[in-house]
Amino acid sequence: CSASLQMGGDLEHRSAHGMPGRMSDPVLLWFRQDLRLADQAALGAAVQEGPVIPLYVLDDQAPRQWKMGGASRWWLHHSLRSLDDDLRKKGSRLVLRQGNCVDQIVQIAEETGARRVHALHHYEPWWRNAEKALGKRLDLCLHDGALLLPPGAVRTGGGNSYRIYTPFARAVMDHMPPAEPVRAPSRIDAPGQWPKGDSLDRWGLLPTAPDWAAAFSRDWTPGEAGARANVAAFLDEAADYDRARNLPSREGSSRLSPHLHFGEVSPAQVWRQVAGAPGNATTFLKELIWRDYAHTQIWAMPAYGSENARPAFDAMPWRDLREAGVDFTAWKTGRTGYPIVDAGMRQLWTTGWMHNRVRMIAASFLIKHLLIDWRHGARWFWDTLVDASYANNSVNWQWVAGSGVDANIFSRIMAPLTQSEKFEAADYIRKWVPELAHLNDDVIHDPEAHDARPADYPAKCIDHREGRERALAAWRRISHDC
Ligand code: FAD
């Protein structure tokens with residue numbers, strides 16, 4: 001993006017295409033996963049240059065398997081509505097378009113005389129392709145702010161990007177705290193004429209028949225104000241995060257993941273506020289760095305969501321879904337006979353979110369006990385999570401599978417029943433598996449073993465030991481290459 005020049009008292013800039021722009025020409029502000037007005041560097045730069053046309057393009061140009069999932073669409077609908085309301089309070093509005101984002105943005109530029117586009121950098125492969133293509137046709141100014149530090153900002157002594165989380169986190173910590181977040185501008189100048197836009201309701205982002213998201217709004221308030229409220233609520237709990245985050249029965253983590261994914265709050269804002277709260281925030285801040293780490297991995301290996309980062313896993317003898325389909329369905333619908341797994345999968349379906357400890361247990365159960373390829377699980381999460389993130393989802397699934405760049409070794413197999421007891425999940429199970437709500441703490445983790453399984457709750461779809469041995473046998477087939 002070209003630098004601004006002060007000429008004859010009038011602020012002018014020269015675009016990459018040699019066309020001088022004048023102060024009164026509108027500039028485009030392209031929103032993607034950064035649906036906020038505060039600490040939004042692209043907005044901050046755009047308002048300096050003249051009237052702003054904020055726009056969002058619903059673009060299904062991501063490869064078909066990464067088309068935005070159903071739960072994310074629900075979130076997006078409400079977040080866009082909230083962003084438009086916030087923009088209107090500042091004298092602006094959100095223009096909506098649908099189609100190929102590059103073509104749509106170029107078309108709006110032609111309609112309005114805008115030559116420059118401001119946006120935040122995003123690192124999903126399809127966004128990087130779109131940025132490259134748009135940069136060839138318009139003057140595209142990309143700003144940082146989706147992460148604590150842009151990928152590649154910290155490097156190993158050899159100049160490479162980090163592959164292992166711990167040294168990466170240490171290096172990021174050396175650059176923290178992030179810069180003081182910037183306030184939202186008090187006004188955003190409107191263009192003389194607004195380009196035509198779509199109606200949000202016509203996009204059909206919300207489910208109708210059936211409305212499987214009916215309960216989502218009890219748990220979530222998408223949008224910048226909702227994100228702010230969530231951060232504020234978490235500050236009271238942050239001191240106990242270290243212990244409470246692992247206990248599914250407690251709301252011990254921040255539940256900020258969808259807000260962070262859609263960029264309704266910046267990681268810098270979260271960092272600053274939580275680091276300033278009473279208590280030691282180190283564990284939480286390190287989790288936030290996992291998000292940067294995951295994005296660094298997809299930046300270095302764009303196919304992380306569909307290819308094993310360790311090629312030895314290509315030879316893993318996963319069960320074919322034609323044979324394992326019944327087990328896969330039991331997992332998706334929360335009817336495996338393992339209460340902790342079922343509670344997690346039902347929480348996911350009902351609320352669009354699952355507790356982190358339970359995500360690990362449920363993912364491990366699918367991959368190891370059921371010997372089903374991690375990619376099938378990742379795609380189910382992609383469709384059902386409100387925080388579905390190409391980076392976080394892919395990197396965490398590959399971490400659990402052992403196929404990731406930095407990963408848990410495959411042969412370390414989580415015992416779901418032991419985990420359930422250890423992390424005191426009894427109340428969590430009672431909440432999400434009502435068939436078991438009458439059971440005491442000492443039997444609820446494994447009712448079958450105590451002859452306490454009610455008739456309406458399924459028997460275990462596989463015995464723990466049998467699943468473990470089958471997984472280890474599969475592992476032995478590839479372990480010499482790992
Ligand atoms: P907190 O514990 O409060 O953490 C604060 C923030 O740090 C989170 O909001 C998130 O942005 C980040 N964070 C925390 N843990 C991780 C992690 N392990 N990796 C990357 N970032 C992290 N997270 C997603 O945001 N989207 C996903 O699609 C996703 N898929 C996952 C799939 C599997 C199989 C597993 C095991 C984990 C996945 N996670 C994903 C990571 C993690 O479970 C969630 O970020 C976390 O549960 C969100 O809850 P929270 O906001 O209360 O987290």
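Analyst: Let's start with burial: a residue is buried if 20 or more other C-beta atoms, placed from the backbone, lie within 10 Å of its own, exposed if 12 or fewer, and partly exposed in between. What you see is a predicted model, where local features need pLDDT of at least 70, side-chain atom pairs count only at pLDDT 80 or more, and totals for chains, interfaces and linings use all residues. Residues are numbered from 1 along each chain as its sequence is written.

User: Does Ser253 count as buried or exposed, and why?

Analyst: Ser253 sits in the loop between helix H8 (241-244) and helix H9 (257-261); helices (H or I, at least four residues) and strands (E, at least two) are DSSP runs, numbered from the N terminus. It has 20 C-beta neighbours inside 10 Å, so Ser253 counts as buried.

User: Which residues does Ser253 touch, not counting residues up to four places away in sequence?

Analyst: Two residues are in contact if their C-beta atoms, placed from the backbone, lie within 7 Å. With residues up to four places away left out, Ser253 touches Tyr241, Arg245 and Asn356.

User: Where does UniProt place the feature "binding site"?

Analyst: A word on the record: UniProt positions are given in the numbering used here, feature names are shortened, and annotations may be inferred rather than shown by experiment. The unreviewed UniProt entry puts "binding site" at Tyr241, Ser253, Ser254, Arg255, Leu256, Ser257 and Phe284.

User: Which residues does Phe284 touch, not counting residues up to four places away in sequence?

Analyst: Phe284 belongs to helix H11 (residues 282-300). It's buried because 24 other C-beta atoms lie within 10 Å. Beyond four places in sequence, Phe284 touches Ala238, Tyr241 and Val274.

User: How many residues surround the ligand?

Analyst: A residue counts as near a molecule or strand if its C-beta atom, placed from the backbone, lies within 6 Å of it. Helices H9, H11, H14 (356-369) and H16 (390-401) each supply at least two residues of the ligand's shell. The closest residues are Ser253, Ser254, Asn356, Asn393 and Asn396, and the number surrounding the ligand is 27.

User: By class, what does the shell around the ligand have?

Analyst: Ala, Val, Leu, Ile, Met, Phe, Trp, Tyr, Cys and Pro count as nonpolar, Asp, Glu, Lys and Arg as charged, and the others, Gly among them, as polar. Sorted that way, the shell has twelve nonpolar, nine polar and six charged residues.

User: On to the strands: in what sense do E4 and E5 pair, parallel or antiparallel?

Analyst: Two strands pair if DSSP finds at least two bridges between them. E4 covers residues 27-31, and five bridges link it to E5 in the sense you asked about: parallel.

User: What is the hand of the β-α-β crossover from E4 to E5?

Analyst: A crossover is right-handed if, with the strands pointing away from the viewer, the path from the first strand over the helix to the second runs clockwise. E5 (residues 52-58) has six of its seven residues buried. The chain goes from E4 through helix H1 (residues 41-49) to E5, and this crossover is right-handed.

User: In E6, which residue is the bridge partner of Tyr56?

Analyst: Tyr56 of E5 stands opposite Phe31. E5 also pairs in the parallel sense with E6 (residues 95-98), over four bridges. There, the partner of Tyr56 is Leu96.

User: In E8, which residue is the bridge partner of His118?

Analyst: His118 is in E7 and stands opposite Leu29. E7 and E8 (residues 139-143) run parallel, joined by five bridges. The E8 partner of His118 is Cys141.

User: Why is strand E7 largely enclosed by the rest of the structure?

Analyst: Arg116, His118 and Leu120 point one way from E7, while Val117 and Ala119 point the other way. E7 (residues 116-120) is largely enclosed because its buried residues number five of the five.

User: Which residues is Leu80 in contact with, leaving aside its neighbours within four places in sequence?

Analyst: Leu80 is part of helix H2 (residues 70-89). It counts as buried because it has 22 C-beta neighbours inside 10 Å. Apart from those sequence neighbours, Leu80 contacts Leu35, Tyr56, Leu94 and Leu200.

User: What distance separates the C-alpha atoms of Val231 and Gln273?

Analyst: Val231 is in helix H7 (residues 224-235), and its contacts include Gln273. The two are 42 residues apart along the chain, and their C-alpha atoms are separated by 7.9 Å.
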